[in-house]
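Subject: Handover of a structural model

Dear colleague,

Please find below the structure that I am handing over to you.

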Amino acid sequence: MLSQRRNFIFLFFGMVGLLFIGKLFYLQVIDDTYEKAADNNAIRKIIQIPFRGEVYDRYGKLIVYNTPVYDLYMIPRKAVVKDTNHFCRVFGVTKEYFIKTTQRARAYSRVKPSLFLKHLSKEDFASVQDAMVDFPGFFFETNAFRTYQSRSFSNALGYVAEISPNALVDQRDDYYRQGDYVGISGIESFYEETLRGQRGVKYRMVNSNGVEKGDYKNGSLNINPVSGNNLYTSIDLAIQEYADSLMQHKVGSLVAIEPSTGEILAMVSAPSYDASQLTGNNFSKYYQQLALDPMKPLLNRPPSAYYRPGSTFKLVQALVGQQLGFIGPGTVFSHAGAPVKCHGHGPVDLRGAIRVSCNPYFYHAFRKMIYDNTTGDTYERSAKGLQRWSDLVANFGFGRKLGVDLGNEKKGILPNVEYYNSVYKGEKMWKFSNIYSISIGEGEIVVSPLKMANLAAIIANRGWYIPPHVVKGVGLQKSIDPFYKTPVKVGVESKYFNVVIDGMEDAVTHGTVEADGRIPDIKMVGKTGTSQNQKGKDHSIFIAFAPRDNPKIAIAVFVENAGFGGSAAAPIASLVVEKYLKRKVDRKAVETKFMNMNYLPNVYSVVRKKAAPDSTKK
């Protein structure tokens with residue numbers, strides 16, 4: 001019995017011993033997992049960063065491409081620098097930079113690679129290769145920085161920059177490392193995952209001095225990087241550059257859209273910046289300069305800037321009023337009883353009201369929409385009427401995002417019952433007399449230039465739009481999100497657009513548009529607006545489309561502190577329309593005039609007033 005127990009114990013421990021020996025044999029001979037985990041001892045794991053996708057205009061002209069550069073990384077635990085002064089001379093950095101950067105790397109991780117020096121050229125890379133043997137723990141990775149064919153389109157295009165510490169912590173897929181570059185704004189940010197591609201990995205054998213000795217396992221474990229997808233934009237680069245030249249010496253926006261597709265042909269934010277300066281080692285200095293500029297060149301104004309739409313909003317009032325049944329082409333209002341004044345003409349019908357931009361007409365039209373010809377409590381009637389009105393106006397994209405592929409779009413403000421209940425601290429605290437200014441596009445309603453260009457597209461299409469977008473194709477298949485192919489109806493019947501378009505044509509030919517804004521051989525229809533501004537000269541606004549039949553381009557122009565819409569914004573819009581449709585401009589005198597027109601002094605005076613200390617404060 002005792003002998004059997006002894007044999008059982010020997011057998012048990014023998015089997016355990018065999019299991020351990022087998023496991024050791026598997027780990028040391030067959031499985032190379034732990035060998036790879038210790039790859040930085042004898043094997044260096046090199047991350048290969050793919051090229052970002054390139055960006056093209058609508059005709060295939062290259063806008064953005066990549067220039068190869070080299071980034072120097074360090075692993076703090078393995079980094080050895082015996083002579084700091086010699087290291088700094090080799091790489092052209094100061095001792096302060098060396099200390100600060102190594103401290104930051106240690107704070108990030110002692111075992112993970114950290115970016116030490118970025119964007120060395122091929123020549124710089126070659127000049128330091130022989131010295132790398134003296135600096136174990138430092139190594140190079142190939143990278144690229146964005147190179148730009150044009151200085152136009154910078155705000156909508158966006159820029160790339162080193163990922164921030166917060167973004168590094170918050171990332172979802174653990175893709176990025178300290179020192180990596182990501183899209184920060186514009187389409188560079190919106191399409192980041194499409195543009196960035198897929199990383200590759202290369203395993204290299206190194207000796208004790210860090211000198212590479214070839215591929216590990218003949219490269220069988222290497223993974224090649226996959227370049228990012230190219231973006232094919234809807235931008236017409238020639239028109240974009242032309243529009244940029246017209247908006248120099250000005251602050252404002254210009255947006256042009258192809259009505260039938262929602263494709264953005266040009267998007268100007270003025271003033272802008274040179275995207276090529278936000279690359280490489282110039283980034284920090286140039287970015288700080290831009291960030292401190294009171295003209296806010298980094299702001300992409302078309303989807304983000306806020307303005308009152310002024311008289312351009314009367315087009316919406318005309319359409320909504322007809323759809324709700326309160327006005328028609330033959331409706332005429334007198335000026336009596338209107339607190340808003342007109343420009344010296346008598347009563348007019350709807351077409352005439354659009355032609356001359358009659359304030360009293362749209363005051364009375366809005367009053368009818370709100371009160372609905374009923375009697376009773378004016379507070380209750382105002383709330384009911386405003387809700388009905390705002391529900392329909394919201395279909396035009398006001399007070400909500402259109403969904404443009406830029407990532408920084410603002411909703412704007414479309415005042416509704418909930419809004420005014422909040423402003424006036426409760427129900428039955430406001431009525432029509434408190435809100436009538438929105439009848440002419442003033443008061444609390446706030447829009448972006450992009451929304452107004454889209455409004456022009458809606459009218460051109462007689463009641464629908466496709467969400468505006470900058471990118472019309474992604475990758476080899478040039479695919480696009482179905483969202484940017486799906487028409488959106490605004491809920492106004494097409495028959496109600498005819499009289500509005502007639503009035504817009506009259507406004508251009510013999511209405512509020514001055515002579516410089518008319519194109520002799522192109523039938524452009526449009527509407528001027530002058531957005532009230534308490535802190536300086538009013539903002540000039542114009543929206544339009546052309547030709548009247550089978551429209552090819554819809555446009556909105558905002559010029560800050562430039563005065564009447566017909567004298568500043570309209571001529572600029574007309575030049576862009578002419579250039580796009582004819583591929584040339586015959587009105588050379590008008591072109592020269594507005595390329596040289598400088599409204600910046602008006603803007604500077606407002607900025608100085610904002611910055612000046614209040615002398616009444618002690």
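This is a predicted model: local features need pLDDT of at least 70, side-chain atom pairs count only at pLDDT 80 or more; totals for chains, interfaces and linings use all residues.

Residues are numbered from 1 along each chain as its sequence is written, and side-chain values use heavy atoms, with hydrogens and water left out.

Leu115 belongs to strand β4 (residues 114–120); helices (H or I, at least four residues) and strands (E, at least two) are DSSP runs numbered from the N terminus. Leaving aside residues up to four places away in sequence, Leu115 touches (heavy atoms within 4.5 Å) Asp71, Leu72, Tyr73, Thr101, Arg104, Glu162, Gln178 and Gly179. Between Leu115 and Gly179 the C-alpha to C-alpha distance is 5.0 Å, although they are 64 residues apart in sequence.

Ser253, in strand β11 (residues 252–258), counts as buried because its relative accessibility is 0%. Its contacts, not counting residues up to four places away in sequence, include Met247, Arg301, Pro449 and Phe558.

**Nonpolar cores**

A nonpolar core is a set of buried Ala, Val, Leu, Ile, Met, Phe, Trp, Tyr and Cys residues joined through side-chain atoms within 4.5 Å. The largest one has 100 residues, and those touching the most other members are Ile187, Phe366, Leu386, Trp389, Phe396, Phe398 and Ile459. Helix α20 (residues 449–460) gives the largest share of this core, nine residues. A second, separate core of 38 residues includes Tyr242, Ala266, Ile555 and Tyr599.

**Cavities**

A cavity is a set of points on a 1 Å grid over the protein atoms alone where a 1.4 Å probe fits but cannot get out, and its lining residues have an atom within 4 Å of a point. Grid points are joined across faces, edges and corners, and a volume is the space filled by probe spheres set on the points.

The largest cavity has a volume of about 270 Å³. It is lined by 22 residues, of which Ile49, Arg52, Asn143, Ala144 and Tyr181 are the closest to its centre. Strand β5 contributes the largest share of this lining, four residues. The second largest cavity has a volume of about 40 Å³, and its lining includes Phe153, Gln240, Asp244 and Ser272.

**Salt bridges**

There are 32 salt bridges in the structure, each a side-chain nitrogen of Lys or Arg within 4 Å of a carboxyl oxygen of Asp or Glu. One of them joins Asp502 and Arg548, whose closest N and O atoms are 2.6 Å apart. This pair links distant parts of the chain, 46 residues apart: Asp502 is in helix α21 (residues 497–510), and Arg548 is in the loop between β17 (539–546) and β18 (553–559). Asp502 is buried, with a relative accessible area of 19%, and Arg548 is buried at 15% relative accessibility. Both belong to a network of salt bridges that also links Arg351, Glu505, Asp506 and Lys523.

A further salt bridge connects Lys428 and Asp377, with their closest N and O atoms 3.4 Å apart. Lys428 is partly exposed, with a relative accessible area of 46%, and Asp377 is partly exposed, with a relative accessible area of 30%.

Yours sincerely

How values were computed:
Buried means under 20% relative accessible area, exposed over 50%, partly exposed in between (1.4 Å probe, protein chains only). On a 1 Å grid over the protein atoms alone, a cavity is a set of points where a 1.4 Å probe fits but cannot get out, and a pocket is an open set with protein on both sides within 12 Å along at least five of seven lines; lining residues have an atom within 4 Å of a point.
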